[in-house]
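Please find below a short report on selected local features of one protein model. It is written for a reader who wants the cut-offs stated beside the values.

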Amino acid sequence: MRFLIALLLLVIPARAGVIRLKVEGKDASGNFVGEGTCFPVGKTSTGKTLVVTAKHNLRGGQRITVWKDGVWQPVTNILSSQKFDVASFEINADDTGYPLTDPVIGSVVTAFGFGPEYNGRKSCGFIARVANSTNLIGKDGYHAIPGDSGGPAMHGNRCIGLIVSYGRLTAKRSDNAELNLATQIVPSQNIIEHLCQYYRMGSCGPSGCPVWTPVTPRAVSPSPVKEDCPTHSVSPQLIEKFVQEWLNANAERIRGKDGADGKDGIDGISTVTTQPLEVILSREGKVVDREIIQPGQPLILDVGILESNK
């Protein structure tokens with residue numbers, strides 16, 4: 001009985017509202033047909049359903065369609081993020097969108113995608129734990145597979161992120177389970193940041209939650225940053241200030257300890273780099289992004305992105 005319960009927990013039926021995505025196009029190897037996953041995040045003020053997916057799903061696509069009401073329906077108003085692996089589009093449907101909420105480290109979520117179906121099996125979700133703001137670790141080593149990209153990671157009835165990557169190309173989520181491969185997501189705050197370049201996020205309405213009103217793209221006509229559309233605005237001088245303050249605060253740890261009786265001392269840098277580093281960005285006292293840098297991994301600051309948000 002316990003074994004049966006464990007199987008039921010791992011194999012969860014595909015969530016209502018998750019949508020099949022088909023991308024037809026041409027690349028260096030010729031014509032192709034790609035398959036992925038997408039999901040609704042609300043209704044637009046013009047009556048369309050607003051949908052998001054992984055941007056890489058659409059790469060090279062010349063015809064993008066979704067499976068709705070028994071037919072492949074073309075999408076409209078495709079918008080791709082310049083910063084994140086996120087794209088959005090609109091469809092003619094009456095879907096209620098998933099509310100977006102921040103991921104909580106350590107919380108249990110369910111990830112959905114059509115990867116199993118595209119690999120000859122029944123579509124389903126899998127249970128995972130939020131390792132950090134961009135990674136999930138699946139129960140019993142389960143992980144996303146090709147075709148899952150663009151699917152939602154759900155905490156209850158709220159979406160905490162969008163699946164964009166997997167540890168290895170495998171046909172089954174249980175392949176290489178012993179490695180505990182991470183499933184990478186774009187967290188909800190980055191999805192919102194993308195959408196808020198083109199829409200104003202409203203409150204929940206009778207036709208969906210929330211309602212998104214199209215606006216002039218910020219890249220063309222910048223508008224003041226709204227509270228519900230947080231963006232990072234960091235100057236090189238501010239980064240230098242933060243780094244210098246960190247170096248001053250950790251001077252003792254970096255210097256390390258003197259050796260005794262002619263022996264070498266302890267390398268402070270080595271000591272520091274064997275511990276996880278938590279990086280937090282905040283605005284007016286509110287955390288807008290949080291990353292855990294594991295020991296031995298570099299902390300990369302993209303100067304282009306930082307300069308573009310001055």
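The report turns to a residue in a strand, then to strand pairing, and then to cysteines.

This is a predicted model, in which local features need pLDDT of at least 70, side-chain atom pairs count only at pLDDT 80 or more, and totals for chains, interfaces and linings use all residues. Residues are numbered from 1 along each chain as its sequence is written, and side-chain values use heavy atoms, with hydrogens and water left out.

T49 lies in strand β4, residues 49–53, where strands (E, at least two residues) are DSSP runs numbered from the N terminus. The side chain of T49 makes a polar contact with the backbone oxygen of A93 at 2.8 Å, a polar contact being a pair of N or O atoms within 3.5 Å, of which, within protein, one must be able to donate a hydrogen and the other to accept it, while residues adjacent in sequence count only if both atoms are side-chain atoms. Leaving aside residues up to four places away in sequence, T49 touches several others, among them P40, F89, I91 and D95, with contact meaning heavy atoms within 4.5 Å.

Two strands pair if DSSP finds at least two bridges between them. Strand β16 (residues 211–214) pairs in the parallel sense with β3 (residues 30–44) over 2 bridges, and K43 stands opposite V211 of β16. Strand β15 (residues 199–201) runs antiparallel to β16, joined by 3 bridges, and M201 has W212 in β16 as its bridge partner.

The table gives relative accessible areas, where buried means under 20%, exposed over 50% and partly exposed in between (1.4 Å probe, protein chains only).

| Residue | Relative accessible area | Class |
|---|---|---|
| T49 | 0% | buried |
| C124 | 12% | buried |
| C159 | 0% | buried |

With a disulfide defined as a pair of cysteine sulfur atoms within 2.5 Å, the count is 0 disulfides.

How values were computed:
Helices (H or I, at least four residues) and strands (E, at least two) are DSSP runs, numbered from the N terminus.
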